[in-house]
Amino acid sequence: MRRLLALATALVAVLFLTTVPASAATGFKVSGGRLYDATGAEFVMRGVNHAHTWYASRTTKALSDVKALGANTVRVVLSSGDQWTRNDAADVANVISQCKANKLICVLEVHDTTGYGEQSAAVTLAKAVDYWISVQSALTGQEAYVIVNIGNEPWGNTNTAPWTADTKTAIGRLRAAGFTHTLMVDAPNWGQDWSFTMRDNAASVFASDSLRNTVFSIHMYGVFDTAAEITDYLGRFVSAGLPIVVGEFGNTHSDGDVDEDTILSYTQSQRLGYLGWSWSGNGGGVEYLDMAIGFDAANLSAWGQRIFNGANGIKQTSREAAVFGGGGPVDTTPPTAPGTPVVSGVSSGGAVLSWAASTDAVGVTGYDVVRVSGGVETALMSSSGASVTVSGLSAGTAYTVAVYARDAAGNRSSRSGTVTFTTSAGGGGACAVAYRVASQWQGGFGADVTIRNTGSAAVNGWTLRWTFANGQTVTQMWNATASQSGAVVSAVNVAYNAAIPAGGSVGIGFNGSWAGTNAVPTGFTLNGAACAVS
């Protein structure tokens, strides 16, 4: 776990078969970008992460509790012994047994790889493969119930290019050792793939698997703080026919305010799996990610309530794996089309849309607003009700929009009628900056700065400037190169975050010194143009 930024490139499309005959499957299989269980039924993960390697004594109760709350999957943290106490084959077999007893699909991951290349204690994917081979006896015969997540967040933010070759090698070694399980591979950049290394190489990684049975996992924290970033990233995998799940996410994080509503609604509309982080036991300043306070299922946090009981949450959307005899009757009837949107409150950067609600035999769970340009649709916002405030639009720009409705089974309605409006002309640069003092101590402080491109064109190369009011100085900066002349600070992009796509954002952080007062800057410029302060 740990998070950072975003930029943009392209994904190679690949086509695969779209059905899996039940007779062909002895375990989970991937086909057409979808995951199918041993019965041949499509399976969509709905579950949470549990830190077994640190809280082994809590596992029995934890799995029972998450099942009772509706989960169909649990991602279990294991250790290869390189950073924490090793979970041996007997312990792994016991975890699998408990998952099966609770009718939970078991995603097993090695956590010791977390942040390799940046975290000094982290180990390579090769070491993770060594571990899996050493506990293979516990996994053989469990292909219908277990997915092997090779290594958690296996690269930090430093030189992620080797991720592709290392991941292919890891998959190849496991196949050569006789593993036929569905494999899951995490993205680099502490799982958040802001460099798009996984996204842009996913097709070749998938093709390298002799069984074509690999699922990709993206972890969504502060990098994914807008609907556009979430839908664009996941949507590229869907369009390419490549299997993707959100293997970790929260409702907030130290590196940004996660847009969990869009993660939940978009994965539901696209039939993609998600696994929230985490059941309980978080420390190091991220205790807010505990779903159950003190491992108490009767005392859910706001995050726990949201993911289990909220719109598009686990209780509403989870279906037990058919391999356990679950599933039940499948709802295939979509909601009726929403009414044509009505526009009000148009500004330079947004507008309010409302529409006549859809109806559904089971119940409408949300709406997706799209921009329509020719034959191309681009996701704008999602809403649980029949109105939404669309933000982040470009000033002086015409938008043609429409709405879809979706139900709990993921069925999507036909599209509403379209409406066109033009945002008003805006002043200043097409950017917005959020500055936050993340921590402060006597004489020093840490701050996070998020730069958002609110324009319609990508920014290629940037310099952010601001002026301190109280004599503060920058002592260390990451994700940008800092210089300071008097009170004026300049932050220049580094190579890996020079591009900010339209609607995208990048984040930087720094440590500084202060004395007396530490006021937040009130104005920022990006490449010389004034930005809105958010």
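**The barrel and the disulfide**

A: Strands β3-β4-β5-β6-β7-β8-β9-β10 form a closed barrel of eight strands with parallel pairing. Strands pair if DSSP finds at least two bridges between them; strands (E, at least two residues) and helices (H or I, at least four) are DSSP runs, numbered from the N terminus.

Q: By how many degrees are neighbouring strands of this sheet turned against each other on average?
A: By 25°, direction ignored. Axes are lines fitted to C-alpha atoms, for helices over the stretch in contact, and angles run from 0 to 180 degrees between N-to-C directions.

Q: Which strands does helix α5 touch?
A: Helix α5 (residues 163-176) packs on the sheet against β7 and β8, its direction making about 160° with that of β7. Contact means heavy atoms within 4.5 Å.

Q: What kind of model is it?
A: This is a predicted model: local features need pLDDT of at least 70, side-chain atom pairs count only at pLDDT 80 or more, and totals for chains, interfaces and linings use all residues. Residues are numbered from 1 along each chain as its sequence is written, and side-chain values use heavy atoms, leaving out hydrogens and water.

Q: New topic: which residues does the disulfide join?
A: Cysteine 431 and cysteine 531, S to S 2.0 Å; a disulfide is a pair of cysteine sulfur atoms within 2.5 Å. Cysteine 431 lies in strand β18 and cysteine 531 in the loop between β28 and β29, so the pair ties together parts 100 residues apart in sequence.

Q: Are those two buried or exposed?
A: Both cysteine 431 and cysteine 531 are buried (under 20% relative accessible area; exposed is over 50%, partly exposed in between; 1.4 Å probe, protein chains only).
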